[in-house]
Amino acid sequence: MGFRSWRSCIFIAVFLILSSTLCEAKLSPTFYDQTCPRALSTIRKAVRRAVSHERRMAASLIRLHFHDCFVQGCDASILLDNSSTIQSEKNAPNNLNSVRGYEVIDNIKSKVESMCPGVVSCADIVAVAARDSSVAVSGPTWTVKLGRRDSTTSGLSQAATNLPGFRDSLDKLITLFRSKGLNARDMVALSGSHTIGQARCLTFRDRIYSNGTDIDAGFATTRRRRCPAQNGNGDANLAPLELVTPNSFDNNYFRNLIQRKGLLQSDQVLFSGGSTDTIVKEYSKSPKTFRSDFASAMVKMGDIEPLTGSAGEIRKFCNFIN
């Protein structure tokens, strides 16, 4: 082989290696250390203020991250408003009048953007805000990997099929989570975020009026007080997902399931004689195990199909593409 041919081969090999590296850009917890060193502290302070003002916001911000990641990956697509080119995921059945916290993310983005224009993605803000929300209500912490970029598309049609529903069976939930790279244990751990937050009457009406064997009669009677039987009457009335300590991140959610006091049908199926019963029992006895597994599952969820490198964009405003 001649010198020129040998040199050409070396050049091509180096080019391919560099191209591969760029295409497979990895998330890193130190991504903004040099480009926006105050980003994380700014997000943390804003989340603390929001949760201090309204305790329920912690659950809302964790759920916002979940609903973002399950539809075309953790790309902040859920934040986009309707426009001439966007059909907003906010209008999906499992999001409309349900998912909250958009204004908190918009406020954080404004603060971060004023410090470091065009640097910190909305997708990363959502991911960090979820972690900081957990901490704000005495929940676990975890290291958030950063470097996600924001989508320029929305996944409204995907949201109808990729988000779990409150009537879903255990098999359906396991299959859905598996399709996102999450196993049954991850699914049960993530469901434990229902230890905080509230649900609307329309999501648990069928369950509390079913007179089924999988619901405690006294619990059902209590929940009926603010959730009338007739559809359309009191649909938006709220009830805590976990009655004992609804504002603290703990393992009482799992103890409630064992007592047949899961508010949503999709909660109670986790303890209904199926394959996840043993996990629920384990978490009910060991808050340490639950907290550890929840943190690990949140990290795994944050790795679902992120946009990195030159894909997507860094939005100036989280609710519109640039």
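Is Gln72 buried or exposed? At 16% relative accessibility, Gln72 counts as buried. Buried here means under 20% relative accessible area, exposed means over 50%, and partly exposed lies in between (1.4 Å probe, protein chains only). The model is predicted, so local features need pLDDT of at least 70 and side-chain atom pairs count only at pLDDT 80 or more, while totals for chains, interfaces and linings use all residues. Residues are numbered from 1 along each chain as its sequence is written, and side-chain values use heavy atoms, with hydrogens and water left out.

Gln72 lies in the loop between H3 and helix H4 (102-115). Helices (H or I, at least four residues) and strands (E, at least two) are DSSP runs, numbered from the N terminus. Most residues other than glycine have a negative phi. Gln72 has a positive phi, near 55°. Asn97 also has a positive phi, of about 60°, and is not a glycine. Asn97 is found in the loop between H3 and H4. At 65% relative accessibility, Asn97 counts as exposed.

Gln72 is also one of the contacts of Gly155. Gly155 lies in the loop between helix H5 (122-136) and helix H6 (156-162). Its relative accessibility is 2%, so Gly155 counts as buried. With neighbours within four places in sequence left aside, Gly155 is in contact with Val71, Gln72 and Glu89. Contact means heavy atoms within 4.5 Å. Gly155 and Val71 are 84 residues apart in sequence, yet their C-alpha atoms are 6.2 Å apart in space.

The largest nonpolar core has 74 residues. Such a core is a set of buried Ala, Val, Leu, Ile, Met, Phe, Trp, Tyr and Cys residues joined through side-chain atoms within 4.5 Å. Leu64, Phe70, Leu79 and Ile105 have the most contacts inside this core. Beyond its neighbours within four places in sequence, Leu64 is in contact with Ile78, Leu79, Val99, Arg100, Gly101, Tyr102, Ile105 and Val126. A second, separate core has twelve residues, among them Ile208, Phe219, Cys227 and Leu264.

The structure holds twelve aromatic pairs. Rings of Phe, Tyr and Trp (its six-membered ring) pair if their centres lie within 6.5 Å; planes under 30 degrees apart count as stacked, over 60 as edge-to-face and the rest as tilted. The ring centres of Phe66 and Phe177 are 5.9 Å apart and the planes meet at 40°, so this pair is tilted. Phe66 lies in helix H3 (residues 57-69) and Phe177 in helix H7 (residues 170-179), so the pair ties together parts that are 111 residues apart in sequence. Both Phe66 and Phe177 are buried. Tyr283 and Phe290 form another tilted pair, at 5.7 Å centre to centre and 50° between the planes. Tyr283 is buried, with a relative accessible area of 0%. Phe290 counts as buried at 1% relative accessibility. Ring pairs link Tyr283 and Phe290 into a cluster with Trp142, Phe249, Tyr253, Phe254 and Phe294.

A charge also sits over a ring. Lys90 lies over the face of Tyr102, at 4.3 Å from the ring centre. The rule asks for NZ of Lys or CZ of Arg within 6 Å of the ring centre and within 35 degrees of the ring normal.

On a 1 Å grid over the protein atoms alone, a cavity is a set of points where a 1.4 Å probe fits but cannot get out; a pocket is an open set with protein on both sides within 12 Å along at least five of seven lines; lining residues have an atom within 4 Å of a point. The count comes to one cavity of 30 Å³ or more. About 70 Å³ of space lies in the largest cavity. Its lining includes His65, Trp142, Lys145, Arg148 and Asp303. Helix H14 (residues 287-302) gives the largest share of that lining, three residues.

The largest pocket holds about 770 Å³ of space. It is lined by 37 residues, of which Arg63, His67, His194, Leu241 and Leu264 are the closest to its centre. H3 gives the most to the lining of this pocket, with six residues.

Key
Grid points are joined across faces, edges and corners, and a volume is the space filled by probe spheres set on the points.
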